[in-house]
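Reader: I am new to this structure, and I would like to walk through it with you. Could you show it to me?

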Amino acid sequence: MKDFIQGLPKVELHLHIEGTLEPELMFELAQRNKVNIPFSSPQAVRDAYQFHNLQSFLDIYYQGANVLITEQDFFDLTWAYLLRCREDNVIHTEIFFDPQTHTERGIAFETVINGITRALDQAQSQLDISSQLIMCFLRHLDEEAAFETLEQAMPFKDKIIAVGLDSSELGHPPEKFARVFQSAREAGFLTVAHAGEEGPAQNILDAIYMLGISRIDHGVRCVENTELVRQLAESQMPLTVCPLSNIKLKVFDNMEQHNIVDLLETGLCVTINSDDPAYFGGYMTDNFVAVVDAHPISHQQIAQFSLNAIEASFIENTQKVTLS
Ligand code: HPA
Ligand code: ZN
């Protein structure tokens, strides 16, 4: 089964590039940029990754990002992830980046995006991996900051397919960003949003109706509203589910309790993704294997996750046919 999963062509739709910062690279960049980090070794960093909810993860994740300073750092970060994609037979990836995590520290927007896109271009030519970039607004910051970020993105519009919404879901509902998402849509961006990870099913409905999203990131709490589940099955609105993340952040107690296979069998367009693999203990293949180890599931169903991801991706429709 592991060999089947390994060889299966995969498409990743929920991946935060800052969440691919492995402790070894964190150390290397800290030295290169003379940034102090409160750890004595990469192993000490790994030992600190004990999370009890989303916020406890985010606190350490934003701290880790402090070592990213130069365009080369963003290139190195992204390139390391793309090499992991090749190992896992990920043929297409749609990557989130959080500009505000960096601009708030005085790093220029263009430093971030130029480093990332240089690696993406190199992956297309050298690894045959295609990609898209999704710019996320940090929902714990205010609407004005999101508008400023949208403004900063405008000169790079052709490099960004969509805008998204991440960070602390509780206390920061979709409606807080309804106006900025409307402006983003008017400017030609597609939209996605994290919803129903820690927050209630209502956040999923609000993200659909107030933010005009094309996909729901996480969405696993949809099961708390039967009518919503029926609607998601009918509309085939994709859910980018992140199994290992959900266990690490205690959205479910263990993988046996995870609802991803139930959702697949109910006919929803669910996909498997790695979210922040350096923090949650696994890349794409690891996430597939973790699901399969905990749930009886056929080869056909495993392949369905990949077919769903192709369908849910922002790849041109003509190209989707070739990939399927
Ligand atoms: N949820 C919200 N914000 C995030 C996540 C997540 O899983 N990962 C990185 N930022
Ligand atoms: Zn996420």
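Here are some questions and answers about this model.

Author: Welcome! This is a predicted model, in which local features need pLDDT of at least 70, side-chain atom pairs count only at pLDDT 80 or more, and totals for chains, interfaces and linings use all residues. Residues are numbered from 1 along each chain as its sequence is written, while chains are lettered from A and ligands numbered from 1 in the order in which they are written.

Reader: Which element of the protein has the lowest mean pLDDT?

Author: pLDDT is the predictor's confidence in each residue, from 0 to 100. The protein's mean is 97, with 100% of its residues at 70 or more. Helices (H or I, at least four residues) and strands (E, at least two) are DSSP runs, numbered from the N terminus. Strand β7 (residues 239–241) has the highest mean, 99, and the lowest, 79, belongs to helix α17 (residues 317–323).

Reader: How many residues around ligand 1 are charged?

Author: A residue is near a molecule if its C-beta atom, placed from the backbone, lies within 6 Å of it. The residues around ligand 1 include H16, L54, D166, E197, D275 and D276. Asp, Glu, Lys and Arg count as charged, Ala, Val, Leu, Ile, Met, Phe, Trp, Tyr, Cys and Pro as nonpolar, and the others, Gly among them, as polar. The shell has 1 nonpolar and 5 polar residues, and the charged ones number 4.

Reader: Are α8 and α9 roughly parallel or roughly antiparallel?

Author: Axes are lines fitted to C-alpha atoms over the stretch in contact, and angles run from 0 to 180 degrees between N-to-C directions. Helix α8 (residues 143–153) and helix α9 (residues 178–186) pack at about 15°, their axes 9 Å apart. Angles under 35 degrees count as roughly parallel, over 145 as roughly antiparallel, 65 to 115 as roughly perpendicular and the rest as oblique, so α8 and α9 are roughly parallel.
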